[in-house]
Each structure stands twice: as structure tokens, then as C-alpha cells.
Amino acid sequence: MKNIMLVCVAGMSTSLLVSKMQKVAQEKNVEAHIFAVAENEVDKVLASEDVHVLLLGPQVRYLKSTFEAKYKDYNIPIDTIAMVDYGMMNGDKVLNHALQLIG
């Protein structure tokens with residue numbers, strides 16, 4: 001089971017993308033728990049869940065270097081979601097990106 005966390009301002013704007021990613025994961029038989037949280041919830045989630053990759057929505061991409069420094073001990077890949085993929089709600093591309101980061 002791959003745990004994929006998407007981060008945005010309030011955890012709401014990525015909910016449609018999460019749904020699309022879950023649908024693609026199901027179609028590809030990829031066992032994944034994909035969820036979205038607000039930027040201020042990341043600490044709490046990482047303390048309680050084993051997250052395999054953290055993807056930042058375009059609206060919070062400025063947090064990437066901060067998160068990389070703050071969460072380096074978790075040894076999880078942190079990256080941003082491409083603006084075009086986010087805007088098009090391309091669940092397939094975002095899921096593939098997450099899975100590539102997990103390795």
C-alpha cells in the first residue's frame with residue numbers, strides 16, 4: 001500500500017484530484033491510499049501515518065524547500081505537482097509522478 005499525501009492551502013482544492021488519482025490507481029490495480037491535507041496539518045499527519053510521498057499543490061509550491069528541510073528525517077520524497085497537471089486534474093500523470101518518486 002502506497003500512502004500518497006497531497007498538500008494544499010486548505011486540503012479542499014485537491015479533493016477532486018485525489019478522486020481522479022484513486023480512480024486511476026484502481027484501474028491500474030495499484031494499492032494506494034491517496035489523501036489531501038492542509039499545509040498546517042502536515043506535522044500531525046506525518047507523526048501518525050507512514051507517508052511514502054508528499055506532493056505539493058501549485059499554490060503551495062513555495063513550501064518545497066521548507067518542507068524538505070523540516071521533514072528530512074522522514075526520508076520521503078517531496079515534490080510539486082505540475083501546474084498543468086493540477087489545472088487539468090490529470091490524475092494519471094500525478095499518480096505516475098508520485099509512484100516514480102516512491103521508486
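**Before you click**

This is a predicted model, in which local features need pLDDT of at least 70 and side-chain atom pairs count only at pLDDT 80 or more, while totals for chains, interfaces and linings use all residues. Numbering starts from 1 along each chain as its sequence is written, and side-chain values use heavy atoms, with hydrogens and water left out. Helices (H or I, at least four residues) and strands (E, at least two) are DSSP runs, counted off from the N terminus.

**Stop 1: the sheet**

Show the strands as cartoon. Four of them make an open sheet with parallel pairing, in the order E2-E1-E3-E4. Pairing here takes at least two DSSP bridges between two strands. E2 and E4 are the edge strands, each pairing on one side only. From one strand to the next, the twist averages 25°.

Now select E1 (2-8). Six of its seven residues are buried, where buried means under 20% relative accessible area, exposed over 50%, and partly exposed in between (1.4 Å probe, protein chains only). How many bridges join E1 to E2? Seven, and the two strands run parallel.

At 33% relative accessibility, His 33 counts as partly exposed. Leaving out residues up to four places away in sequence, His 33 touches Met 1, Lys 2, Asn 3, Ile 4 and Glu 49; a contact is heavy atoms within 4.5 Å. Draw a distance to His 52 as well: the pair is 19 residues apart in sequence and 10.0 Å apart in space, C-alpha to C-alpha.

**Stop 2: helix H1**

Select residues 15-27. H1 has 13 residues and reaches 19 Å from first C-alpha to last, close to the 18 Å expected at 1.5 Å a residue; the expected span is 1.5 Å times one less than the number of residues. Colour Leu 17, Val 18, Met 21, Val 24 and Ala 25, the buried residues of H1. Look down the helix axis and these residues fall within an arc of 125°, so they line one face of H1. That arc is taken from the directions between the helix axis and the C-beta atoms. On the other side of H1, you'll find Lys 23, Gln 26 and Glu 27 exposed. What covers the buried residues of H1 includes E1, E2, H4 and H5. Just past the end of H1, stop at Asn 29, which takes a positive phi of about 55°.

**Stop 3: helix H5**

Next, select residues 91-102: that's H5, with twelve residues reaching 16 Å from first C-alpha to last, close to the 16 Å expected. Gly 91, Val 94, Leu 95 and Ala 98 are its buried residues. Viewed down the axis of H5, they keep within an arc of 100°, so they line one face. Among the elements covering them are E1, H1, E2, E3 and H4. Just after H5, Gly 103 has a positive phi of about 90°.

Show H1 and H5 together. Which residues meet where they pack? Leu 17, Lys 20, Met 21, Val 24 and Ala 25 in H1 meet Gly 91, Asp 92, Val 94 and Leu 95 in H5. The two axes come within 8 Å and cross at roughly 75°. Axes are lines fitted to C-alpha atoms, for helices over the stretch in contact, with angles from 0 to 180 degrees between N-to-C directions. H1 and H5 are therefore roughly perpendicular, a label for angles of 65 to 115 degrees.

**Stop 4: two loops**

Most residues other than glycine have a negative phi. Jump to Asn 75, where phi is near 50°, a positive value in a non-glycine residue. Asn 75 lies in the loop between H3 (64-70) and E4 (78-80), and at 69% relative accessibility it counts as exposed.

Finish at Met 89, in the loop between H4 and H5. Met 89 also has a positive phi, about 50°, although it is not a glycine. Buried or exposed, then, is Met 89? At 16% relative accessibility, Met 89 counts as buried.

Methods:
Parallel < 35°, antiparallel > 145°, perpendicular 65-115°, else oblique.
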